[in-house]
Amino acid sequence: MSRRKLVAANWKMNLNKQQAIALAQAVADAMPEGELDVLLCPAMLHAGVIAQQLVNSRVSLGAQNCAAFENGAYTGEVSAAQLSDIGIQYVIIGHSERRQYFHESSADLTAKIKLALAYNLIPIYCVGEPLEQREINHHFDFVAHQLQKEFSDLSAGHAAKCIIAYEPVWAIGTGKTATTEQAQEMHAFIRAQVADWWGQDVARDIRILYGGSCKAANAKQLFACPDVDGGLIGGASLLIDEFKQVMQAAI
Ligand code: PGA
């Protein structure tokens, strides 16, 4: 299997500038040797300074969001083109917090994915079910519906450039983690959907990250699942000792 593991830090709306610089440096210093991609997604405000800081490191930079519009009169928004321009390579799209608190619609998310690709950013497109859907055993239907509505319309060439993150909403920031069985079966399900739409080659190569209370204590088991290609890490990415262990677990 040729998929390279990826560990992405989602710092969310945390850290001041000095803290962000210090943590980025600590991650760059701790980046393990070997086959692994690591990227940091700081607050937008700090992205420029961290982009410069990471220029000569093996750590990449991502954004936590981008606008659903190309440019123009959209006060407060940051476009995919602007992210790309300062050296950002990845962008998280459709995080459950964006869906829940900022009411991002499926149409917004598809537009963002397409704009990100148009400006050579790699989308990290997030899906995942809330607790009530899992409790009534609708989690596969729920995720299939998200993928169908927001992602299935891409060309095979575009889909192949994306990363998908499975983030069960009930596991995000709650300390509850999906079991390895729950993660593996959903990742395999997502990969099978990708195969249905774009064929085995795209399905074999696309990376599917797990997110939701992934930390030092469980990363190794999760990353050992055949269809889990790394993690999107929130809380544990703010603690350098935790994050170091998560990176090590992906080697
Ligand atoms: P968490 O967040 O690791 O704190 O659960 C993950 C995420 O929201 O991407």
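Start at the ligand. Select the 13 residues around it; Lys-12, His-95, Glu-167, Gly-173 and Ser-213 come nearest. Keep in mind that this is a predicted model.

**Stop 1: the ligand**

Show the side chain of Lys-12. One of its N or O atoms is 2.7 Å from an oxygen atom of the ligand. Now pick His-95. Here a polar side-chain atom lies 2.6 Å from a ligand oxygen. A backbone N or O atom of Gly-234 is 2.9 Å from an oxygen atom of the ligand. How much of the ligand does the protein bury? Taken alone, the ligand exposes 280 Å², and the protein buries 95% of that.

**Stop 2: Arg-3 and its partners**

Trace the chain between them. Arg-3 is in the segment before strand 1 (6–10). Asp-229 is in the loop between helix 11 (216–223) and strand 8 (230–233). The pair links distant parts of the chain, 226 residues apart. Are these two residues buried or exposed? Both Arg-3 and Asp-229 are buried.

Together with Arg-3 and Asp-229, they are linked in a network of salt bridges.

**Stop 3: Arg-4 and Asp-37**

Step along to Arg-4 and select Asp-37 as well. Their side chains meet in a salt bridge, 2.9 Å from N to O. Arg-4 lies in the segment before strand 1 and Asp-37 in strand 2 (residues 37–41), so this pair ties together parts that are 33 residues apart in sequence. Colour the two by accessibility. Arg-4 has a relative accessible area of 30%, so Arg-4 is partly exposed. Asp-37 counts as buried because its relative accessibility is 18%, and the cut-off for buried is under 20%.

**Stop 4: Glu-104 and Arg-98**

Now select Glu-104 and Arg-98. This is another salt bridge, with the closest N and O atoms 2.8 Å apart. Check the cover over Glu-104. Its relative accessibility is 11%, so Glu-104 counts as buried.

**Last view: the whole model**

Conventions. Residues numbered from 1 in each chain as written. Predicted model: local features only at pLDDT ≥ 70, side-chain atom pairs only at ≥ 80, totals over all residues. Heavy atoms only, no water. Helix = DSSP H or I, 4+ residues; strand = E, 2+ residues; numbered from the N terminus. Buried < 20%, exposed > 50% of the residue type's maximum accessible area, 1.4 Å probe, protein only. Salt bridge = Lys/Arg side-chain N within 4 Å of Asp/Glu carboxyl O. Near = heavy atom within 4 Å. Polar contact = N/O pair within 3.5 Å; in protein donor to acceptor, adjacent residues only side chain to side chain. Areas by Shrake-Rupley, 256 points an atom, 1.4 Å probe, with all protein chains shown as cover.
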